[in-house]
Amino acid sequence: MLESLLNSKKCFKLILGAGNQDLDEIEKIIYTYSKSGCVFFDIADDINVLNLAKDVLKKTNMLNETSICVSTTVFGDVHSDKIIIDNKKCISCKKCISSCPNEAIYFENEIKTDLKKCIGCKKCFSSCPMGAISFKSSAKKDFEDFKNNINNLIENKIDCIELHINGDDIDEIYQKWEYLNNNFNGFLSICTSRNKFKDETNLKIVSDLIKMKKNSKVIIQADGKSMSGFNDELKSNYEALKCAQFFNQINLKK
């Protein structure tokens, strides 16, 4: 099903966020978009999110017509970032609360956070006048934890796994990709960006990963500057176009 969708060259993928675990919000979004005809959903690598997505798609009679991709990350990739508040620096000005699009920050005697709602978009970081906000990767750094989680997702039938590769440890990228390659028969996807690596480094990593996946097609998602805090300025858009253009000009079949 996913292959025919991609071959049509008219593919719309709804990305709910690699770090988004807000079940109420996810339920509303999947219901609305599946009713509108969306047949490709990208969700967090969370079994609770996957089960919810399937339950909603059953209600809309779209489960058998829909492809589900789970996004997993390497440690340090911004897609797995979760907010940290330094209450020693925080003055409770509440600017972060008003800036958060997912209501992941709230006030209860002090500024607090709901990490399941945090998608790491960085809008709060830009709004804080005291430098009280930082982020930490929530990716499963322990390889056994990663394997157990991925195996659980695979057993519950998914169509695609996307690995976000702009992390702190290049060896971790190859290790996780090799495991996915050897244990999953569906589509594999690589999400890359210009956040940490130069184009040439990105190209080498992506080329290596494609060579490891010899018998199947690989999706490349070129992000530009991922999770840039809803920055819609020309410079931000330029990064995405530049990244896509770079990979579009390269013959990755070599």
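Analyst: Strand E4 covers residues 81–85, and four of these five residues are buried, so the strand is largely enclosed by the rest of the structure. Buried means under 20% relative accessible area, exposed means over 50%, and partly exposed lies in between, using a 1.4 Å probe and protein chains only. Strands are DSSP runs of E with at least two residues; helices are DSSP runs of H or I with at least four; both are numbered from the N terminus.

This is a predicted model: local features need pLDDT of at least 70, side-chain atom pairs count only at pLDDT 80 or more, and totals for chains, interfaces and linings use all residues. Residues are numbered from 1 along each chain as its sequence is written, and side-chain values use heavy atoms, with hydrogens and water left out.

E4 has a partner in strand E7 (residues 133–137): five bridges join the two, which run antiparallel. Two strands pair if DSSP finds at least two bridges between them. Ser 92 is not a glycine, yet its phi is positive, about 55°. With a relative accessible area of 28%, Ser 92 is partly exposed.

Now the open sheet. Six strands make it up, in the order E1-E2-E3-E8-E9-E10, and the pairing is parallel. Strand E1 (14–15) and strand E10 (218–222) are the edge strands, each pairing on one side only.

Strand E3 (residues 67–73) is largely enclosed by the rest of the structure, because seven of its seven residues are buried.

E3 has a parallel neighbour in strand E2 (residues 40–44), joined by five bridges. Asp 42 stands opposite Cys 69 of E3. Strand E8 (residues 160–164) is also joined to E3 by five bridges, again parallel. There, Thr 72 has Leu 163 of E8 as its bridge partner. Further along the order, strand E9 (residues 187–192) runs parallel to E10, with five bridges between them. Ser 189 stands opposite Ile 219 of E10.

Contact means heavy atoms within 4.5 Å. Axes are lines fitted to C-alpha atoms, for helices over the stretch in contact, and angles run from 0 to 180 degrees between N-to-C directions. E2, H3 (residues 47–59) and E3 form a right-handed β-α-β unit. Right-handed here means that, with the strands pointing away from the viewer, the path from the first strand over the helix to the second runs clockwise.

H3 also meets helix H2: the two axes come within 9 Å and cross at roughly 35°. This crossing is right-handed. Among the residues making the contact are Leu 23, Ile 26 and Ile 30 of H2, and Val 49, Leu 52 and Val 56 of H3.

Helix H7 (residues 170–183) and helix H8 (residues 199–212) have axes that come within 10 Å and cross at roughly 20°. They are therefore roughly parallel to each other. Angles under 35 degrees count as roughly parallel, over 145 as roughly antiparallel, 65 to 115 as roughly perpendicular, and the rest as oblique. The crossing of H7 and H8 is right-handed too. Ile 173, Trp 177 and Asn 181 are among the H7 residues at this meeting, with Ile 205, Leu 209 and Met 212 among those of H8.

Lys 157 lies in the loop between helix H6 (143–155) and E8. Lys 157 has a positive phi near 65°, though it is a residue other than glycine. At 68% relative accessibility, Lys 157 is exposed. Asn 166 sits in the loop between E8 and H7. Asn 166 is buried, with a relative accessible area of 3%. Neighbours within four places in sequence aside, its contacts include Val 74, Asp 77, Thr 192, Arg 194, Phe 197 and Asn 202.

Notes:
Left-handed = near helix turned anticlockwise from the far one by under 90°.
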